[in-house]
Amino acid sequence: MNYTQCPFKSGQMQSDFLHKPTPPESSPNETATADDKPFAGDNYMDYLKIDDLLGLQCRLTTDKIAHDEHLFIVTHQVFELWFKQILYELKSIREVFQMERICERYQQIILQRLIRVNSILRIMVQQFEVLETMGSIGFASFRSLFKGGASGFQSTQFRILEHILGIREEQRTCTFMKSYNAKLNEHQRSTIDQEKSEGEDLMTLVDRWLSRTPAMRLFVTSYKGVIDTACQTLRDNTDKDTVEERKAEADEMEDRFSYIFDSTKFVESSKLQQGRKLTYEAFIGALMITCYNREPRFAVPYAIIQNFIDMDIFLAKWRFAHVMMVKRIIGGKPGTGGSGGYTYLRSTVSDRYMPFKDLFEVSTFVIPPQMVPTLTPIMVKEISDIYISERDEEKETSSSSDGFEPTIL
């Protein structure tokens, strides 16, 4: 296990998404004429392509037959636009995580964009309240017109989102078909396959990042000392009325913490819990960051961890809101995409669809702050040495990047 590298160190990065856009240069021979079309940015309607956007709501019915179809189309188009923005943010976050070492500057970029994604997801959960105003009668007035099994199940962007986050094929609960790909057309399958080839998922990259947390070996040793002392104190209890209870408490604590003090036991447990994704090193790194989250060097990494947890929570809330809307509007009818409708969607509200669920489990091993061992001088030195090296690398990167600045700070 490599404890010498750090998730906070930075190498040089010249990524397009972090650069300020360069305005196009005009030729000195070019002159503007009255016949030239105005630049799109000169007009709100042209810049945002509002006329094009407002012309995309193509209905299958008329207002007299199904007034609510317009709401259905607009709401789902808004969902897809939000998916597009979320993918835009997550791809940029993934690009930063692909760096070998990540300095504080880039950690702040990751955190800001994660916060933005979660703000969008919060809005998306509330958006179902608008769609629910359609009611079962309103939906029934045009649902039968969907041909070829048209369904939200076929959203290419949502499948790409799941892939980027780290939801894998073996985790799915798709019982009505061998693969969700069976309901996608060739272009959709090609798009998703192309995305899969463009980079590793965020869960894998976060694992690698956490595994580089400094001073982990020393942390495990000192943490074990605290737990051993706490267990022995419980066993030394001489109160006859509580001696058995305290002994049972000590036994439970000792058994629970043995999973993080014995890497072999942790790995064996992971095999039994097939959904577990974090490696032992990453799990210990997350625990250490959590325990010392008030230390300046760990404050932002801790906030990043919490925002990945929030993302899992918001996506679970979004799935549940979707489930309950479907239950209200179509009851026990099958889904238009060939699924069991409510029963299928209900099965997706589970740990299987929470790529960062292992980060929740870190709390199992958190102890009261007054019990957390103080950082030893050796641990402080190891963290400080990496911090100093990181700052030097960051200065070198900034000075050699010809005015390089992140797009968003």
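Which element gives the most to the lining of the second largest pocket? I looked, and α3 does, with 6 residues.

**Ground rules.** I am working from a predicted model, where local features need pLDDT of at least 70, side-chain atom pairs count only at pLDDT 80 or more, and totals for chains, interfaces and linings use all residues. Residues are numbered from 1 along each chain as its sequence is written, and side-chain values use heavy atoms, with hydrogens and water left out.

**Overall.** I found 16 helices and 0 strands in the protein. I took helices (H or I, at least four residues) and strands (E, at least two) as DSSP runs, numbered from the N terminus. Of the 409 residues, 44% are buried. For me, buried means under 20% relative accessible area, exposed over 50%, and partly exposed in between, with a 1.4 Å probe and protein chains only. I also checked contacts (heavy atoms within 4.5 Å). Among those with a separation of 6 or more, 81% join residues 24 or more positions apart.

**Second largest pocket.** I read its volume as about 270 Å³. A pocket here is an open set of points on a 1 Å grid over the protein atoms alone, with protein on both sides within 12 Å along at least five of seven lines; a cavity is a set where a 1.4 Å probe fits but cannot get out, and lining residues have an atom within 4 Å of a point. Grid points are joined across faces, edges and corners, and a volume is the space filled by probe spheres set on the points. The pocket is lined by L53, L54, L56, Q57, V74, Q77, V78, L81, W82 and Q85. By class I get 7 nonpolar, 3 polar and no charged residues. Ala, Val, Leu, Ile, Met, Phe, Trp, Tyr, Cys and Pro count as nonpolar, Asp, Glu, Lys and Arg as charged, and the others, Gly among them, as polar.

**Cavity.** How many cavities of 30 Å³ or more are there? I count 1. The largest cavity holds about 30 Å³ of space. Its lining is D312, L315, A316, R319, T348, V349, S350, Y353 and M354, which splits into 5 nonpolar, 2 polar and 2 charged residues.

**Helix α9.** I checked the length of α9 (residues 216-235): at 1.5 Å a residue its 20 residues should span 28 Å, and the end C-alpha atoms are 28 Å apart, which agrees. The expected span is 1.5 Å times one less than the number of residues. Its buried residues include F219, Y223, I227 and L234. L218 is also in α9, but counts as partly exposed because its relative accessibility is 31%. Leaving out residues up to four places away in sequence, L218 touches I378, M379 and E382. L218 and T376 are 158 residues apart in sequence, yet 8.6 Å apart in space, C-alpha to C-alpha.

**Two positive phi values.** A215, in the loop between α8 (202-210) and α9, is not a glycine but has phi near 65°. Is A215 buried or exposed? A215 is buried, at 1% relative accessible area. K49, in the loop between α1 (44-47) and α2, has phi near 50°. K49 is partly exposed, at 44%.

**S258.** I found S258 in helix α10 (residues 243-261), buried at 18% relative accessible area. A polar atom of its side chain lies 2.5 Å from the backbone oxygen of D255.

Conventions:
Polar contact = N/O pair within 3.5 Å; in protein donor to acceptor, adjacent residues only side chain to side chain.
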